[in-house]
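Open the model in your viewer and keep the selection tool at hand. This tour goes stop by stop, saying what to select and what is there.

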Amino acid sequence: MNQQNKNITFLYTAILYLCGFFLFLEWLYPLETISDTSNIMVFIIYTFFCFFISVFQLKWWLGFLLKGLALLFILNGLYFEGTFLSVLWMEQLNSELSYNLQALFDQQWYYLSPIFRSFLFLILIWLMSYLLHYWFVQMKRVFLFIILSFIYLTILDTFTEYDASMPIIRTFIMSFIALGIANLVKEVDKESIRFVWAKNSMAWMAPLILIVLLSAVVGFAAPKAEPQWPDPVPFIYSASKNAGSGEAGIQKVGYGEDDSNLGGSFIQDDTPVFNAFTTEDHYWRIETKDMYTGQGWVTSADPSYELQTEGAINLDTFAEGIETESVQAAIEFHGDEAINKLVYPYGISEAEGIAGVEFYLDTQSDAIEGRVNGTATNLTSYQLTYDNPSFEINALRENTEDDPADITERYTQTPDAFPERVGSLAEEITAGYESRYDKVKAVERYFSSNDFEYRTTDIPDPSEDEDYVDQFLFETQAGYCDNFSTSMVVMLRTLDIPARWVKGFTSGEIIDNEGETDIYQVKNSNAHSWVEVYFPESGWVPFEPTKGFSNLSDFYVEFDPDAEAAAEEEEPEVPELERPEQPEPELPEEDSASAETQANTASFSIKWWQIAIVLAVAIAIGITVYKTRFRWQTKAITARLHNQQDAKTFQDAYHHLMKLLNHHGYGKAPDQTLREFAEQIDTHYASNEMRRLTNSYEQMIYRNDISQLSLNELTQLWKNLIKRIMG
């Protein structure tokens, strides 16, 4: 009968744990919608594996080994190309862990690689399998996790694109089944109910499941009252409508026209703005601004719009000699998110919109308006043709022409009362560099140092008598794209290098493709500002100082065999050409990730054989502890018997005695009574201690009486028998 009770209890606890598994899956399903997580099925499979291992309560070391190997196997399949657990594989894993641990210790979260983020997420799933087993199976306390699941789903349904209608229904069904089983098992354990009546376990399971399903169907189909509280999303949206207005306080990220007062924190907004149909990823430009006021950006002259005939856009951003590739693109805005100015890529040459639309170019800011019958209109879609540029680095470095006077006058402006230490810092950074390109790259690289932090919250507003750039460079050193881009422009201007501030959007995220054309979804969170520097022989060239972002424009180095041969013949001049590259404070943007990985690996080096030694020592310690576990447990229970002599402690001591006997090959048979088993043990050890202990144990269990022997005597009997067993 006891074995039957045990089997049926295991069945119910397994069903209870299965409910916990399905509830946890509801936490995983939204990740593909609300985050950049892909391959979600891999994580679901690992979740099932961890829960499957936990439900059978294997030895801790065996469960640890199986789950750990499965974790490494998944990482190998997702990110590694080498043979699983080979020496090369371990070296690659060591390199990844070293780099990411260093970034973790330095609190540089944005440098964590995808493999390490996946590793942490798999560890979280592993831990949740243990936690839910403790909550659901051991403690039978499922209500807290159920409440948290409902809160999680409702928040996602309210504030994200995730539709939680069906997930909430599934959670409702699993929750009530789990609550029913948990309460039944707790009552069974509490009252010591026998399962004679439960040979067919569906005798009560069927009504429970039927009631829960019926309640779910009725709740789903029944008419519902209108919401009694207003939807908070429109309120939050309306409250953040002034984003980008320059007002103090919290702003919403996105495109705004007033940049005269930069600074302060903003709220991330992942609302889609437009879809771009194109074959290239690049910046989406809207306008430039040329006058820095010390607090933000304005245009130095009123807008001057010129009609662009027959859709041809006459915008000379770069020189004719720049290598280009003709590309076409289409823009489609979402809902009412249209912008009254065109978003366009570098090299735009033609634009085509609705019938009757005419395009006007503002020669002061490079903004392009679409007008119908002379009135500016928000175009919901339009097509673009552009010549995508590629900039040759040596040509930029070898630029020798002087800047035109109008360019110098307009784009080297700084405020009259401007902190001198900004210019001094710019000169210090560029010391030792000769060409304009090298100086610009030196300033761009300066912002990738560890002293600066990309952050969108807790960003202070500069006071009226405080310069925006000076505050960022010397006080806060934390901010977002406006801080980085404005500071780079102003620092270059102190060196008499023409530069201007550009705003628009980054490329967005690929969500689909149509043949050779990719579909990029651009959101409010992709709003961005960057830097353009003037090169007389090339035109306006984009640069990206914002930490964590990379330049979306194309740069290349043209290999010239004749120049290479000449350089080899003139060996004394080679060091002169290369010397400016040596004192660079940081490596170029395109190599920063790999270089930082190498640097961090060098400073936090862990060899694969060191990991193997640590694991071997840990395994040896674990095996030793496991082999001697009964000795440690015996000592712990002995201490409890001396310090806390009560019925509960004696029961625990008796249970430990039974486990110890079973470990030494004297397990109790299923059809044996405790008294029969006690006589068998006393016969083997030639004593009467087991019978006396068993009699007292039965009196405690069934009569709640310990009057025959005092606890001191029971403790001594227990210790005597333990000594006989353990020799």
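Which residue lies over the face of Y305, and at what distance from the ring centre? Select R371: R371 lies over that face, at 4.9 Å from the ring centre. A charge counts as over a ring if NZ of Lys or CZ of Arg is within 6 Å of the ring centre and within 35 degrees of the ring normal.

**Before going on**

This is a predicted model: local features need pLDDT of at least 70, side-chain atom pairs count only at pLDDT 80 or more, and totals for chains, interfaces and linings use all residues. Residues are numbered from 1 along each chain as its sequence is written, and side-chain values use heavy atoms, with hydrogens and water left out.

**The whole protein**

Color by secondary structure. The protein has 25 helices and 21 strands. These are DSSP runs, numbered from the N terminus: helices are H or I with at least four residues, strands are E with at least two. Of the 727 residues, 44% are buried. Buried means under 20% relative accessible area, exposed over 50%, and partly exposed in between (1.4 Å probe, protein chains only). Contact here means heavy atoms within 4.5 Å. Among contacts between residues at least 6 apart in sequence, 73% join residues at least 24 apart.

**Stop 1: around R371**

A salt bridge is a side-chain nitrogen of Lys or Arg within 4 Å of a carboxyl oxygen of Asp or Glu. Both R371 and E369 are buried. Now select N373, in the loop between β11 (368-372) and β12 (375-376). N373 counts as exposed because its relative accessibility is 75%. Its phi is near 55°, a positive value in a residue other than glycine.

**Stop 2: helix α14**

Select residues 436-446. How many of the 11 residues of helix α14 are buried? The count is 10, so the helix is largely enclosed by the rest of the structure. Its buried residues pack against α11 (393-397), α13 (420-430), α16 (481-494), β19 (527-535) and β20 (539-543).

Show the side chains of E444 and K441. They form a salt bridge, with the closest N and O atoms 2.6 Å apart. Both lie in α14, three residues apart, about one turn of the helix. E444 is buried at 2% relative accessibility, and K441 is buried at 9%.

**Stop 3: an aromatic pair**

The structure holds 43 aromatic pairs. Select F535 and F543 for one of them: a tilted pair, 6.3 Å centre to centre, with 35° between the planes. Rings of Phe, Tyr and Trp (its six-membered ring) pair if their centres lie within 6.5 Å; planes under 30 degrees apart count as stacked, over 60 as edge-to-face and the rest as tilted. Both F535 and F543 are buried. For an aromatic cluster, select Y17, F21, F22, F24, F48, F51 and F52.

**Stop 4: helix α7**

Select residues 143-159. Leaving aside neighbours within four places in sequence, S149 is in contact with W27 and T171. S149 and E26 are 123 residues apart in sequence, but 7.7 Å apart in space, C-alpha to C-alpha.

F143 also lies in α7. At 52% relative accessibility, F143 counts as exposed. Select L144, I147, L148, I151, I155 and F159 along with F143: they form a nonpolar patch on the surface.

**Stop 5**

A search of the whole structure finds 18 salt bridges. Select D652 and R640, whose side chains meet in one, 3.0 Å from N to O. D652 lies in helix α22 (residues 647-663) and R640 in helix α21 (residues 629-643), so the pair ties together parts that are 12 residues apart in sequence. D652 is partly exposed at 21%, and R640 is partly exposed at 33%. Then select R285, D366, R500 and E532, which are linked in a network of salt bridges.

Finish with K67 and Y130. The charged end of K67 sits over the ring of Y130, 3.9 Å from its centre.

Methods
Patches are made of residues with over 30% relative accessible area and no salt bridge: like charges are joined within 9 Å, nonpolar side chains (Val, Leu, Ile, Met, Phe, Trp, Tyr) within 5 Å. Accessible areas come from the Shrake-Rupley method with a 1.4 Å probe; for residues, only the protein chains shown count as cover.
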